[in-house]
Amino acid sequence: MTYLFNDPADFATDAVAGLAAAHPDHVAVVHGGVVRATETPAGQPALVIGGGSGHYPAFAGWVGPGMGHGAPCGNIFSSPSASQVYSVARNAENGGGVVLGFGNYAGDVLHFGAAAEKLRAEGIDVRIVKVSDDIVSNTPENHRDRRGIAGDLPVFKIAGAAIEAGADLDTAERIAWKANDSTRSFGVAFDGPTLPGAPETLFHVEDGQMGVGLGIHGEPGVRDEPLGTADEIATILVEGVLAEQPERTEGGYRGRAAVLVNGLGTVKYEELFIVYAKVAALLAEAGITPVRPEVGELVTSLDMAGLSLTLVFLDEELEQHWLAPVDTPAFHRGAMAQVERHRRTSFWEAGADETPASSEQSRAAAGKIVGVLELFEAVCAREEAELGRIDAIAGDGDHGQGMAYGTKGAAAAAQEALEAGAGARTLLVRAGEAWSESAGGTSGALWGAALIAAGSVFDDQAGAAPRTIVDAVEAGIDAVQRLGGATVGDKTMVDAAAPFRETLESTFTGDNAAEAILEAAAVARDAADATADITASLGRSRVLGEKSIGTPDPGAISFSILMKELGQHLS
């Protein structure tokens with residue numbers, strides 16, 4: 001379990017503050033995460049790497065010369081919000097553009113992508129590199145569509161070293177993708193992690209078994225097998241990774257590989273060394289020379305019991321950057337070149353947005369919207385445990401927590417906007433931004449986008465008719481489908497939202513918004529329950545395959561619950 005915390009909701013923020021206090025010469029806290037304590041040299045590309053908290057030393061522990069320039073830090077196992085990524089990138093960038101690096105997870109893709117669009121709109125050149133090293137999460141020919149696990153470390157280390165050596169943005173992006181395409185990882189789990197304040201782990205592995213093909217967000221393995229000895233597990237991991245060893249060529253891969261044996265949090269160093277002894281022997285038999293191997297806790301998952309093996313099949317260019325010096329709070333190697341590094345004296349901060357003028361009618365509508373969001377907050381607090389339980393089976397276990405955090409943040413932001421005199425449109429936009437930032441993850445991004453899209457239907461100078469309410473709900477659903485890319489049958493929120501929208505449109509007559517929403521919510525709940533029979537084909541639960549059969553999609557369930565509550569509230 002996680003023993004040391006104050007308010008579980010503040011765990012990530014408190015940890016980042018403590019990291020910066022312990023390493024003031026390396027990192028400084030900004031909104032959303034950390035940046036180097038020294039300025040990015042003018043014209044140097046900024047490598048901004050990030051993801052959810054709970055993975056230390058990833059990602060904030062890798063900020064420093066030779067590696068990252070900044071790290072946005074989301075909630076536990078949840079993507080940082082777009083505003084967090086944007087803030088960190090603005091503080092890290094200094095005229096050379098930005099490389100955004102993160103593990104290939106749906107929430108990260110959404111939030112980092114949204115931040116990239118905002119940065120580009122301001123004239124900043126942004127490149128995106130999604131780490132995708134986990135061999136069990138897709139087929140070899142779809143390597144870039146896999147999820148990222150411990151391969152984050154060597155990909156970001158190599159990219160950061162290239163930048164330190166003088167690479168421009170084009171070169172840094174090329175080398176980062178080259179490192180990713182040369183990296184393969186495979187892991188096993190013995191038991192799941194425990195979120196701070198949670199009474200039990202996100203998943204359990206039966207005694208005498210191990211989950212093969214773990215994720216780092218509390219996902220169980222894709223299949224269970226009998227627990228082997230250290231040597232037997234090492235053999236499974238090596239054989240799995242070497243199945244994708246590239247051909248050896250003159251001037252390319254030469255049988256040399258960076259090797260990482262990574263503990264997820266509970267498996268400790270002596271155990272990892274026993275595994276590495278066998279890994280080294282098996283690699284020698286295969287004619288592979290380990291290059292500066294790393295054994296330890298490199299990318300963790302709170303207290304998860306498990307380990308993974310990562311190989312980077314090196315050519316001369318990748319090896320040069322893998323061996324280069326680096327100096328971060330958690331990763332040190334060699335001596336950095338003695339160059340002048342100026343300590344930061346100022347930071348970029350978002351200015352306070354002025355509240356646009358609004359009419360009395362719109363402020364009245366805004367007050368009613370606050371009531372809906374406060375209802376959503378109460379409902380998600382009530383349902384948090386159950387949503388987390390089913391998500392631990394059909395996903396990664398954080399959906400209940402994310403919905404609770406998101407609705408709490410949205411309700412607070414809406415109340416603050418109302419007190420500032422905001423109309424309905426402005427209030428919904430600020431609530432959506434707060435939901436996204438407070439929740440992180442895929443659901444945070446999608447619900448945040450839904451509220452912002454709903455806000456576009458309202459007007460700060462007009463009230464709200466029943467048609468306005470229905471149009472706003474439909475606009476929110478459209479945004480979810482557009483940004484998430486899911487369709488009916490993928491086992492996502494859309495499986496409930498799409499039939500809800502169809503039913504709402506067909507039953508709304510112009511003045512029966514509450515009744516139409518309630519009828520559509522009943523259809524949505526039936527559709528959500530029916531997702532138990534679907535094998536997931538999108539999102540994190542996709543890699544679990546048939547293990548998700550029998551459990552409904554938590555996003556579809558939470559959507560149907562909130563729409564029912566909305567209809568009852570409007571009645």
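Helix α2 (residues 82–92) lies across β1, β2 (33–36), β3, β4 (70–76) and β5. The helix runs at about 160° to β4. Axes here are lines fitted to C-alpha atoms, for helices over the stretch in contact, and angles run from 0 to 180 degrees between N-to-C directions. Contact means heavy atoms within 4.5 Å. Helices (H or I, at least four residues) and strands (E, at least two) are DSSP runs, numbered from the N terminus. The model is predicted: local features need pLDDT of at least 70, side-chain atom pairs count only at pLDDT 80 or more, and totals for chains, interfaces and linings use all residues. Residues are numbered from 1 along each chain as its sequence is written, and side-chain values use heavy atoms, with hydrogens and water left out.

Helix α4 (residues 152–164) also packs on the sheet. This helix touches β2, β3, β5 and β6. Its direction makes about 160° with that of β3.

The sheet itself is open and has six strands. Their order is β1-β2-β4-β3-β5-β6, and the pairing is mixed. Two strands pair if DSSP finds at least two bridges between them. Strands β1 (27–30) and β6 (126–131) form the edges, each pairing on one side only. On average, neighbouring strands of the sheet are turned by 25° against each other, direction ignored. Within the sheet, β3 (residues 46–53) pairs with β5 (residues 98–103) in the parallel sense. Five bridges link these two strands. Leucine 47 has valine 99 in β5 as its bridge partner.

Two cis peptide bonds were examined next. The bond from tyrosine 56 to proline 57 is cis, with omega near 15°. Proline 57 lies in the loop between β3 and β4. Alanine 58 and phenylalanine 59 are also joined by a cis peptide bond, with omega about 5°. Phenylalanine 59 is likewise in the loop between β3 and β4.

Positive phi values were then considered in residues other than glycine. Arginine 292 has phi near 45°. This arginine belongs to strand β11 (residues 289–296). Its relative accessible area is 41%, so arginine 292 is partly exposed. Buried means under 20% relative accessible area, exposed over 50%, and partly exposed in between (1.4 Å probe, protein chains only). Leucine 302 has phi near 55°, again a positive value. Leucine 302 lies in the loop between β11 and β12 (305–313). Leucine 302 counts as buried because its relative accessibility is 17%.
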